[in-house]
Amino acid sequence: ETGNWVTHTYEVIGEIEIVRSRLADAESAQRGYLISGDENYLEAYRNALSILKPSVEQLTRLTVNNSAEYDRAVVLQNMVEDRLETSAEAITLRRESGSEAARLFVQSGTGKSQMENIRALTEEMDQVERDLLKQRTNESDASTNRSLITFSVGLLVSFVLLITLFWLLNRQITVRRLTEEALTAALEKE
């Protein structure tokens with residue numbers, strides 16, 4: 001069970017990293033489109049979103065067992081949705097009103113502020129999970145050590161029981177042999 005929790009923590013850390021990475025990919029592709037107007041950048045943007053949204057949902061599902069982390073995941077999900085809406089708005093502005101309108105929108109700093117907040121939250125979540133990982137790894141190691149000690153004690157007790165049983169059987173055989181010899185000697189005297 002402790003090993004499963006360690007694995008679970010690695011999964012959460014992995015999802016946090018996927019969210020950060022795909023969000024950075026979406027940001028980069030959006031920026032490329034806003035600067036160049038080249039629609040090819042939007043394909044990379046859509047690809048990043050196709051992974052980002054399910055990953056944020058998976059992160060929320062994975063943290064359901066930790067109420068504080070789950071609350072952060074829900075906040076992150078809302079923040080990502082807001083950031084994606086801002087990105088979509090910038091893309092629409094670029095497409096419909098040109099590069100100057102998009103530049104002014106970007107200069108407002110809304111997207112930058114949103115990304116800074118997302119980075120701060122994902123770093124906090126990552127640190128919480130890494131702390132949990134240390135704790136769970138220590139618990140797993142302790143559990144493994146307890147299992148080894150229990151197995152070793154059980155093995156030692158089994159060994160002592162076998163030696164005792166062997167000694168008792170050997171003693172019984174010796175008593176039986178002496179009794180048979182005494183009986184045989186008594187029968188021969190008669």
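This is a short tour of a predicted model, stop by stop.

**Before you start**

Residues are numbered from 1 along each chain as its sequence is written, and side-chain values use heavy atoms, with hydrogens and water left out. Because the model is predicted, local features need pLDDT of at least 70 and side-chain atom pairs count only at pLDDT 80 or more, while totals for chains, interfaces and linings use all residues.

**Colour by confidence**

Colour the chain by pLDDT, the predictor's confidence in each residue, from 0 to 100. The chain mean is 91, and 100% of its residues reach 70 or more. Confidence is lowest in H5, at a mean of 90, and highest in H3, at 94. Helices here are DSSP runs (H or I, at least four residues), numbered from the N terminus.

**Select 40-62**

This is helix H2, with 23 residues. From first C-alpha to last it reaches 34 Å, close to the 33 Å expected at 1.5 Å a residue; the expected span is 1.5 Å times one less than the number of residues. Now show side chains. Buried residues (under 20% relative accessible area, 1.4 Å probe, protein chains only) include Leu42, Tyr45, Leu52 and Leu59. The buried residues of H2 pack against H1, H3 and H5.

**Select Gln30**

Gln30 is found in helix H1. Is Gln30 buried or exposed? It is buried, with a relative accessible area of 5%. Leaving aside neighbours within four places in sequence, Gln30 is in contact (heavy atoms within 4.5 Å) with Tyr45, Arg83, Ser87, Ala90 and Ile91.

**Open the largest pocket**

The pocket holds about 400 Å³ of space. A pocket is an open set of points on a 1 Å grid over the protein atoms alone, with protein on both sides within 12 Å along at least five of seven lines; lining residues have an atom within 4 Å of a point. A volume is the space filled by probe spheres set on the points, which are joined across faces, edges and corners.

**Finish at the cavity**

A cavity is a set of grid points where a 1.4 Å probe fits but cannot get out. How many cavities of 30 Å³ or more are there? There is one. About 40 Å³ of space lies in the largest cavity. Select its lining: His8, Val12, Leu62, Thr63, Asn65, Asn66, Glu69, Glu129, Leu132 and Arg136. H5 gives the largest share, three residues.

Note on methods:
Helix = DSSP H or I, 4+ residues; strand = E, 2+ residues; numbered from the N terminus. Buried < 20%, exposed > 50% of the residue type's maximum accessible area, 1.4 Å probe, protein only.
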